[in-house]
Amino acid sequence: MVDFVEIYNNPWFRSLIGLVFVGLIFLFGMIAVWMERKIAGDIQHRIGPNRVGKFGVLQLVADAIKLFTKEDIIPIKADRVLFVAAPMVMLGSVFLMLAAIPFGAVVINDTVYPIVAAEMDISLLYIQAMSSISLVGIFMAAYGSNNKYSLIGAFRNFARMVGYEVPLIISVISVAIMANSLDIIEIVKIQDPIWYIVLQPIGFIVFFVASMSEMGRLPFDQTEAEEELVAGWVTEYSGMRFGLGFFAEYMHVVLGSFLISLLFLGGWNIPGFIPGALTANPVLGFIVPTAVLLGKAAVVMIFILMFRWAVPRFRIDQVVDLSWKKLFPLSVLNLVWVIAFTLYMGV
Amino acid sequence: MAGIIDSYIPVAIILVVAIIMPFITMFIVNVLSPRSSGETKFDTYESGSDPTGEARIQFKVEYYLYAISFVIFDVAVLFMFPWSVVFVGYDIAALLTIELLIFITVLLFGFVYLWKKEGLQWEK
């Protein structure tokens, strides 16, 4: 058992876990793209992809092969450095974000060992910071490609992000105050009996809406806006460069669903689930917490994907209004409630 | 001290992977993909018509005012991060909480002012 803890704390072993996660996130991203198409098909009474593999599961493999055999075109008017670097920045943002997000946990002898690449005291701040970098990537792509549609999309993107970053961070801070920690693992552990969705429902709504906006999911797709701006900031991108940026967005959706389930839905905890009860059966301790977390993340992700077909798109001025005039006051209200609650319960 | 550095070793390795991977991908693309000649394919896309002028134009000034108002709020929010972890179990917590509540109140006055000035609107 001592050996296990030693290996578990070894930074090189953690790096290996991180690399496995990098592989896994590609798999999850592919599942997300497939589910998006299937759900869209179901909701619109279509079949969706069904030719490649059983139920079309291999559709994305076929797409990837196609992207690999497309010519790499950089427009002559584009700023080459920015144009090439933009998808890399977006991909890097997602990869660095996933370094601090636990993908599951193992319970051995009443002790919870989260499966995470980098354990740090400030992981919540770190995740938010890394997640915001993708915004810079989008602006680089748009400014670099020197296209009018791209630039309009990027300006809208900044206006939207400017509005949603503040409510998002305030609701994150509310969680941190209630848990008295910025460590995402501590936050999950402290939600053992009661999830934070119960204790701060307003905070959950604000966080959910704001992180949907950060992922760029509909109804917050003003940056791409296929109906008005051709393809928004990706207009000039084609082939694999488009593929990288597009895939980074889907991986962002997956990580966002993980974040929502970790911060507000109790992570790997289920009510009445006592780690001690599982010690008798170590196999359960290995499987159950991880399966619970993955299940929650999957439910959140399906909900986010279905949102797209249930809600009409917003105009950009409506989006800006929603962030500043509704979500920001709500997030401050939630913060005051959390302060009052913590003062009443704590100290 | 070693513990802090240890937890960032995985981050560094993932960063290296994130930098290398797009290069490898683009290398594979360059090997596999066909080449075709043609001048117009490097043109900027503008719904089929010939592209006119530059895309990098001067944007309206209200946009920057709006961005400045964001910077104020965002810096203010950053102050809350260190405060959030000393909330329970420290002697200074009560004093800090009062200070921060005053700070938030002042911030809200600024917010109301911005709202009344219509500084938070996309178009006036």
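Salt bridges come first: in this predicted model, the structure holds six of them over all chains. One of the pairs joins A:Arg14 to A:Glu119, with the closest N and O atoms 2.8 Å apart. A:Arg14 sits in helix H2 of chain A, residues 11–43, while A:Glu119 sits in the loop between strand E2 (111–115) and helix H5 (123–145) of chain A, so this pair ties together parts that are 105 residues apart in sequence.

I turn now to the interface of chain B and chain A. How many salt bridges does the rule find across the interface of chain B and chain A? The number is zero. Polar contact, with both residues at pLDDT 80 or more, is found for one residue pair across the interface of chain B and chain A.

The contact itself draws on 77 residues from chain A and 62 residues from chain B. The size of an interface is often given as the accessible area lost when the parts come together. Here the area buried between chain B and chain A is about 6,600 Å², and carbon and sulfur atoms give 75% of that area. Within the area that chain B buries against chain A, 11% is supplied by B:Arg56, B:Phe81 and B:Trp122, which is more than any other three residues supply.

Which helices of chain B supply at least two residues each to the side that touches chain A? They are H1 (2–32), H2 (61–85) and H3 (93–116). H1 of chain B gives the most, with 21 residues. By class, the side of chain B that touches chain A has 42 nonpolar, twelve polar and eight charged residues.

The annotation can be set beside this. An unreviewed UniProt entry lists residues 12–32, 63–86 and 92–115 of chain B under "transmembrane region". In the model, residues 12–32 of chain B are 100% helix and 0% strand, and the C-alpha atoms at the ends of that span lie 31 Å apart. Residues 92–115 of chain B are 96% helix and 0% strand, with 34 Å between the end C-alpha atoms.

As to domains, chain B is divided into domain 1, residues 1–32, and domain 2, residues 59–124. The C-alpha centres of these two domains of chain B lie 36 Å apart.

I close with one residue of chain A. Where does A:Asp72 lie? A:Asp72 is in the loop between helix H3 (59–68) and helix H4 (80–98) of chain A. Leaving aside residues up to four places away in sequence, A:Asp72 touches A:Arg241 together with B:Met26, B:Val29, B:Asn30 and B:Ser33. With A:Arg241 there is also a polar contact, side chain to side chain, at 2.9 Å. From A:Asp72 to A:Ala179, by contrast, the C-alpha to C-alpha distance is 48 Å, and the two residues are 107 residues apart in sequence.

Key:
Residues are numbered from 1 along each chain as its sequence is written. Chains are lettered from A and ligands numbered from 1 in the order in which they are written. This is a predicted model: local features need pLDDT of at least 70, side-chain atom pairs count only at pLDDT 80 or more; totals for chains, interfaces and linings use all residues. Side-chain values use heavy atoms; hydrogens and water are left out. Contact means heavy atoms within 4.5 Å. Buried area is the accessible area (1.4 Å probe) that two parts lose on being put together, summed over both. A salt bridge is a side-chain nitrogen of Lys or Arg within 4 Å of a carboxyl oxygen of Asp or Glu. A polar contact is a pair of N or O atoms within 3.5 Å; within protein, one must be able to donate a hydrogen and the other to accept it, and residues adjacent in sequence count only if both atoms are side-chain atoms. Helices (H or I, at least four residues) and strands (E, at least two) are DSSP runs, numbered from the N terminus. Ala, Val, Leu, Ile, Met, Phe, Trp, Tyr, Cys and Pro count as nonpolar, Asp, Glu, Lys and Arg as charged, and the others, Gly among them, as polar. UniProt positions are given in the numbering used here, feature names are shortened, and annotations may be inferred rather than shown by experiment. Domain bounds come from an automatic or database domain assignment.
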